[in-house]
Structures are given as C-alpha cells and as structure tokens.
Amino acid sequence: MNRYIINEIIRNRKTVYPTQFLDKEIPVNIINEILENAIHAPTHKMTQPWFFVVYKGDSKNVLLEIFNKLDKDKYSKIKIDKFMEKIKLSDTIISVFMNRDQENRIPEWEEVAAVSMAIQNIWLSCYVNNIGSYWSTSPMKDEYAKYANQKKNLRSLGFFFMGSYKHTKSTKVRESVNKKVKWV
Ligand SMILES: Cc1cc2nc3c(=O)[nH]c(=O)nc-3n(C[C@H](O)[C@H](O)[C@H](O)COP(=O)(O)O)c2cc1C
C-alpha cells in the first residue's frame, strides 16, 4: 500500500460537467466495476440502502422520455431542456435511489449518508478510470422518481452523469484544513 495513491485519488476527484465530456464510449465492464465499488460503502446494520438505475446507449431514451413528461408548469421548459441536453451529452447516467430499510430501524439521515458514501466510491472510481462525472440533485428528481419507480420506499437522491474525460487540474480550492479542524 502506498498512501500517496489514496491522497492523489481523493484530492484530484473533481466535478466534471457533460459539456466537458469526450465522445468516447465507456466500456460496460468498467461501469460494472464502478458499481461494485459503490456497494462496498459502509452501511449501518448492513441495510445497504442503495439502488441504482443505469441509463446507457439506447436506454438514455427512456430517461429522455420521462423528462419529456415532466410538468412544464412546475419546472420551466428551459430547465427541462437543459437537463435533457446533459443526458444526451453523457455516456452513462446512474440514477441513484435510497431504498430505505423497510423496518426503518435506523434514522433516515444515516441511510442518506450510506448512499452518499456509495456515491463517493463511484466518483473516485470514475476519476481513476478517466471518466468525468458529476452529481446532480435537481429538484426534478422527485417527479422523475414517480415515473421511474413505483416502489414505495425508493427515494431519488439524484443523478450521476458520466462521460469520458482527460483529467485537468481543477481551479476549485479548499479552505485551509486548519480552519476546519480543532485539535484538543
Ligand atoms: C450532495 C451534493 C449535491 C450536489 N448537487 C449538485 C447539483 O445539483 N448541481 C451541480 O452542479 N453540482 C452538484 N454537486 C457538486 C458540487 O457542486 C461540487 O462537488 C462542488 O462544487 C465541489 O467541486 P468538486 O466536486 O469539483 O470538488 C453536488 C455535490 C454534493 C456533495
């Protein structure tokens, strides 16, 4: 194990938007490997509250059809069109759901936290595979979820847009760690 590897992966993972994606297909086996990493996230009481719906290739049309049906009074047509453009520019879109434990044994926020950790695994795995990606939590996700899934306990936590990308340095800098930590 070399600790510099994990430092580099964590510190270089960045948000990459669909307009930055390259026109190069992501192999299906890489997507499966990334999803396998996702499900290794920690989870309280092993509830494993994640569920992923993958749209890739022709099945992106299924997602586009759903967005076409969204209420144009509730969400502006411009917003919907912009979202649909992102779908078209992406190679793969992973729709992320939280499938809450049926017995509600643990607080909901812990289930959201577990799914968020799975998303971080996806995000880091994308980086090492030269895949640009970003997590969109648009309010449209809630109405999308009604069309996409009828299962009662499934709650959309948004979309993960993915496309090939050659890493470039991000300009987004963090505040100094000293400002965020207090040693006692
Ligand atoms: C819970 C969560 C929700 C996010 N939702 C959005 C979103 O809806 N739209 C967006 O452009 N970015 C979204 N992001 C990405 C953040 O904007 C991004 O992570 C932040 O600007 C830091 O940039 P970096 O990821 O390149 O380090 C979200 C990130 C998190 C953690």
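Analyst: Here is a walk through the sheet, then the parts around it. Keep in mind that this is a predicted model, where local features need pLDDT of at least 70, side-chain atom pairs count only at pLDDT 80 or more, and totals for chains, interfaces and linings use all residues. Residues are numbered from 1 along each chain as its sequence is written.

The sheet itself is open and built from four strands, in the order β1-β2-β4-β3, with antiparallel pairing. On the edges are β1 (50-56) and β3 (131-136), each of which pairs on one side only. From one strand to the next the twist averages 20°.

Now for β4. On one side, β4 pairs with β3 in the antiparallel sense over six bridges. Tyr134 has Phe161 in β4 as its bridge partner, and Ile131 stands opposite Ser164 in β4. β2 and β4 are also antiparallel, pairing over eight bridges, and here Ser95 has Phe159 in β4 as its bridge partner. How enclosed is β4 by the rest of the structure? Nine of its eleven residues are buried, so β4 is largely enclosed. The burial count uses C-beta atoms placed from the backbone: a residue is buried if 20 or more other C-beta atoms lie within 10 Å of its own, exposed if 12 or fewer, and partly exposed in between.

Asn153 has 15 other C-beta atoms within 10 Å, so it is partly exposed. Setting aside residues up to four places away in sequence, Asn153 touches Asn99, Arg100 and Gln102 (contact means C-beta atoms, placed from the backbone, within 7 Å).

At another strand-entry loop, Asp91 sits between α4 and β2. Asp91 counts as buried because it has 23 C-beta neighbours inside 10 Å. Leaving aside neighbours within four places in sequence, the contacts of Asp91 include Lys56, Met162, Gly163 and Ser164, along with Phe21, Glu25 and Ile26. Asp91 and Tyr55 are 36 residues apart in sequence, yet C-alpha to C-alpha they are 8.6 Å apart in space.

Asn130, in the loop between α5 and β3, has a phi near 55°, a positive value in a residue other than glycine. With 14 C-beta neighbours inside 10 Å, Asn130 counts as partly exposed. Met46 also has phi near 55°, positive in a residue other than glycine, and lies in the loop between α2 (28-38) and β1. Met46 counts as exposed, because it has 9 C-beta neighbours inside 10 Å.

Next, the helices. α3 (residues 60-69) and α4 (residues 77-89) pack at an angle of about 180°, with axes 10 Å apart. That makes the two roughly antiparallel. Angles under 35 degrees count as roughly parallel, over 145 as roughly antiparallel, 65 to 115 as roughly perpendicular and the rest as oblique. Axes are lines fitted to C-alpha atoms, for helices over the stretch in contact, and angles run from 0 to 180 degrees between N-to-C directions. The contact brings Lys60, Leu63, Leu64 and Phe67 in α3 against Ile80, Phe83, Met84 and Ile87 in α4. By class, that contact has seven nonpolar, no polar and one charged residues (Ala, Val, Leu, Ile, Met, Phe, Trp, Tyr, Cys and Pro are nonpolar, Asp, Glu, Lys and Arg charged, and the others, Gly among them, polar).

The helix pair α1 (residues 3-12) and α5 (residues 108-128) packs at about 105°, with axes 9 Å apart; the two are therefore roughly perpendicular. Ile9, Ile10 and Asn12 in α1 meet Leu124, Tyr127 and Val128 in α5.

Finally, the ligand. Surrounding the ligand are Lys14, Thr15, Tyr134, Trp135, Ser136, Thr137, Ser138, Ser170 and Lys172 (near means a C-beta atom, placed from the backbone, within 6 Å). By class, this shell has two nonpolar, five polar and two charged residues.

How values were computed:
Contact = placed C-beta atoms within 7 Å. Pairing = 2+ DSSP bridges.
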